[in-house]
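The following exercises concern one protein model. Each sets a task and then works through the solution step by step.

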Amino acid sequence: MRVVLLGTGAGGGFPRWNCACVRCDAARDGKLPARGPECAAVTGNSRDWWLLNTSPDIRTQLGAASALWPGPRHTPVRGVLLTDAEANHVAGLAVLRDAPGLKTYAAPPVLAALARARTALGRHAPWEWADSLAEGGFVLAGGLVVTAHPVPGTAPAYVPARLKDRHWVIVYRVEDLVTGRVLVYAPRVSTWSPLLDDLVATADGVILDGTHFAPEESPEPARHLPVSGPTGSLATLARHRHVRRIYTHLADTNPLLDPASQARALVTEAGVEVLPDGAEFALWRGAVRLMRPAPAPTRPAATAEPRRAAHAPCGSE
Ligand SMILES: [Zn+2]
């Protein structure tokens with residue numbers, strides 16, 4: 001199983017376009033690494049890739065990940081697994097709109113919240129939409145079997161109040177059928193539940209919500225479990241040292257954004273990682289190895305036969 005971290009910032013990315021805090025300014029000055037909004041990609045065979053969420057920056061993020069570049073006839077992107085309906089996780093669907101045949105999995109409330117968007121997207125290209133909570137999970141092209149697990153979480157702000165009491169947030173468990181390796185993708189976690197603990201305990205790697213380092217960073221403490229503190233995720237992750245543990249979805253308030261910070265040193269000492277956008281790693285045959293820390297977004301030299309678009313002609317709206 002190969003995994004690419006396409007984006008590791010919170011919803012607004014880093015730096016945020018409308019923020020002039022110390023860290024955002026440092027990122028604009030090139031003193032801290034910039035990060036796009038959180039999303040990732042996973043594959044079991046290096047040919048069929050599945051996106052875990054799609055950020056508003058997905059076009060740039062895919063352009064920086066050479067493994068996901070289109071071939072002469074088609075894109076290797078087969079579809080999307082949505083963890084929730086937050087705008088920063090679904091906005092990229094509009095960017096992908098001209099690729100026919102994509103399949104998107106989401107929980108029923110998310111599918112309902114996207115009803116109008118799905119109709120609009122369907123006018124661009126035929127897509128398939130599926131219930132990720134369907135009993136027994138589902139198998140993806142490329143040899144991955146996935147189960148989705150509801151966790152506590154709030155509805156997006158744009159959802160009417162009458163629809164808010166549902167399973168809005170899910171965690172994905174992705175297993176490679178050949179190697180048996182397991183990835184848990186949990187970019188939005190408000191509490192550490194027994195269910196999440198079991199999922200992490202039986203995984204080889206987990207990509208976890210690291211939005212806030214300290215509870216006081218959050219204006220809405222219920223939305224994201226902080227990293228630090230006696231009930232923070234870092235203390236809990238200490239029980240799972242056999243698992244590769246990676247934080248994602250970092251907000252601009254989070255000192256982990258600074259590689260020289262005490263917070264980063266604390267997390268690193270605990271064996272938990274904060275990786276840059278574009279980092280790619282593999283979980284296979286009992287070994288976990290970093291394949292590429294941060295790929296340079298360069299295109300190969302032009303070939304005699306020009307690369308064709310995988311979808312509608314250039315210039316389509
Ligand atoms: Zn800021």
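**Exercise 1.** Determine which exposed residues lie on the face of α7 turned away from its buried side.

*Solution.* Step 1. The face of α7 turned away from its buried side carries the exposed residues Pro-194 and Asp-198. Helices (H or I, at least four residues) and strands (E, at least two) are DSSP runs, numbered from the N terminus.

Step 1. Within α7, which spans residues 194–201, the buried residues are Leu-196, Leu-199 and Val-200. These three lie on the same side of α7 because they cover an arc of only 95° around the axis, the arc being that of the directions from the helix axis to the C-beta atoms.

Step 2. The model is predicted; local features need pLDDT of at least 70, side-chain atom pairs count only at pLDDT 80 or more, and totals for chains, interfaces and linings use all residues. Residues are numbered from 1 along each chain as its sequence is written.

**Exercise 2.** Identify the strands against which the buried residues of α7 pack, and describe their sheet.

*Solution.* Step 1. The buried residues of α7 pack against β8 (144–151), β9 (169–176), β10 (182–186) and β11 (205–209).

Step 1. An open sheet of 7 strands has the order β7-β8-β9-β10-β11-β12-β13, with mixed pairing; two strands pair if DSSP finds at least two bridges between them. Its edge strands, β7 (138–140) and β13 (272–274), each pair on one side only.

Step 2. Strand β12 (residues 244–248) runs parallel to β13 and is joined to it by 3 bridges. In this pair, Arg-245 stands opposite Val-272 in β13.

**Exercise 3.** Decide whether Trp-192 is buried, exposed or partly exposed, and list its contacts.

*Solution.* Step 1. Trp-192 is located in the loop between β10 and α7. Because it has 18 C-beta neighbours inside 10 Å, Trp-192 counts as partly exposed.

Step 1. Not counting residues up to four places away in sequence, Trp-192 touches Asp-197, Leu-225, Ser-233 and Thr-236; a contact requires C-beta atoms, placed from the backbone, within 7 Å.

Step 2. Between Trp-192 and Val-151 there are 9.2 Å from C-alpha to C-alpha, although they are 41 residues apart in sequence.

Technical notes
A residue is buried if 20 or more other C-beta atoms lie within 10 Å of its own, exposed if 12 or fewer, and partly exposed in between; C-beta atoms are placed from the backbone. Two residues are in contact if their C-beta atoms, placed from the backbone, lie within 7 Å.
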